[in-house]
Amino acid sequence: MRQSLPPLLWETSRPGKRATWFSECDVPKTEIPSGLIRDDAARPNLPELSELDVVRHFTQLSQTNYAIDTTFYPLGSCTMKYNPKLNEAVASMRGFAAHHPLAPVAASQGSLAVLYELQEQIKEIAGFAAASLQPAAGAQGELAGVLMIRAYHRDRGDTKRTRILIPDSAHGTNPATVTMSGFTAVEIPSDREGNVDLEALRRECDDTVAGLMITNPNTLGLFESRIEEVISAVHDCGGLVYGDGANMNAILGVVRPGDLGIDVMHFNLHKTFSTPHGGGGPGAGPVGVGEKLRPFLPGPIVERTGDAFCFHTPEKTIGRLKAFHGNFGMLLRAFTYILVHGPEGLRAIADNAVLNANYLKKLIEETYPVRYRRPCMHEFVATPPDADGVHTMDIAKRLLDYGFHAPTVYFPLIVKEALMIEPTESEGRETLELFAEALLQIAREASETPETVTSAPVTTPVSRLDEVRAARHPVLRYRSRS
Ligand SMILES: Cc1ncc(COP(=O)(O)O)c(C=O)c1O
């Protein structure tokens, strides 16, 4: 049965309804400054409701949301893992939450210690010489990294380098970053195993290459098996290597990108260290760098002298990316998550992320073929079962009827009809089996009663939307239905 949406507040509004009654004003009007007397004619036009009406409305609205706290969220590449409540408890501690970003450094030593320790943890976890916590998202970390690469070449007077190489499986933010930084993006194909095609890469490597942006594990959920040769090819022609760290949860405590030779990498704190994701709050995308890029880091960063902490801006910095000191609340949550896990716990995150993805892949791959038939890392890219007229979008929509959030669809672009599934390390075996059973049931429907799948969803408040129209021509103003 289709779930219904609560009516709009405007629709339940009735003249005269209200939540609060104030007693008659006992101050004579003549004693009230004229500017404070309400002009009834200028009252804002707001819905009139009781307190209970308002509470029910917003509670019902909140219950129509998908959220990681209520539902399995296998959105590939996004790592929608559980955000432990302890992170929230620490971020709400008065000493942190009420601390003003303009407070003097001497009165901010505790908060600066947190930032300093987090920088140290990031360096240690990923094998880098220095880190900046400034960027406000993974994509902004990318921008910081590529601007640092640009600054590095310019600083050496090497202005010929105008191209950045990007594998064809890359996330769209990579070429966007390259273009915003004034470089030209050059696409490198993947080989038959799902790795970067090394020969194609070598053909492009010359003295016009500023660098390579590479995601490892890549967006097919595969570890680049020749990553060291890939990095050497770029270094040998004088370029630098940017690591897109979005998939770091698959290799935490196993591989350190800095040790592989990666020169700069962003962390997506929401993916790797469980801070709220996307609409759930402001983001943070710290960057770690090797020695070469240390002078170019965005500032300020936190330094320690003895027991005292202070801000420092590196001499050749690319500049500031964010007001104040980054998104402190997010940094605090990530710091908590890292401390709570400790080294063994971080390693267990990677082990469980990879185990869960391989288990789920095994449960469905006979029915939902996976193009690259090798063990995956933390996610994998499947394709729909062979059924006439049933596409990836139909499977995704039908999953909603089974109470699951859909996986990422039609990405990465190099797999036709891609269903990109990332169970994350948070989920238990029972959930994975229920999800696999739903997918297998949908596959049976696709072959026996395809219209059940192609007309889904039937239980959600709205059915199939014209998503292109909704994006291109959004109606953002309330229009009365009467
Ligand atoms: C591989 C990859 N790179 C970069 C990004 C961009 O990160 P953010 O969403 O934090 O800007 C994402 C986000 O999903 C991603 O999956």
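## Strand pairing around E10 and E12

In this predicted model, Phe 380 has Ile 421 of E12 as its bridge partner. Strand E12 covers residues 419-421, and its pairing with E10 is antiparallel, extending over three bridges.

These strands belong to an open sheet of three strands, in which the order is E10-E12-E11 and the pairing is antiparallel. The edge positions are taken by strand E10 (380-382) and strand E11 (408-409), each of which pairs on one side only.

## Packing of helices H12 and H14

Helix H12 spans residues 328-364 and helix H14 spans residues 429-448; the two pack with their axes 9 Å apart, at an angle of about 30°. Angles under 35 degrees count as roughly parallel, and H12 and H14 are therefore roughly parallel to each other. Their crossing is right-handed.

On the H12 side, the contact is made by Asn 356, Tyr 359, Leu 360, Leu 363 and Ile 364. On the H14 side, the contributing residues are Leu 432, Glu 433, Ala 436, Leu 439 and Leu 440. Classified by type, the contact between H12 and H14 comprises eight nonpolar residues, one polar residue and one charged residue.

## Division into domains

The protein is divided into three parts: domain 1 (9-63), domain 2 (85-341) and domain 3 (348-470). Between the C-alpha centres of domain 1 and domain 2, the distance is 49 Å.

Methods. Residues numbered from 1 in each chain as written. Predicted model: local features only at pLDDT ≥ 70, side-chain atom pairs only at ≥ 80, totals over all residues. Axes fitted to C-alpha atoms, helices over the stretch in contact; angles between N-to-C directions. Helix = DSSP H or I, 4+ residues; strand = E, 2+ residues; numbered from the N terminus. Parallel < 35°, antiparallel > 145°, perpendicular 65-115°, else oblique. Left-handed = near helix turned anticlockwise from the far one by under 90°. Contact = placed C-beta atoms within 7 Å. Nonpolar A, V, L, I, M, F, W, Y, C, P; charged D, E, K, R; others polar. Domains from an automatic or database assignment. Pairing = 2+ DSSP bridges.
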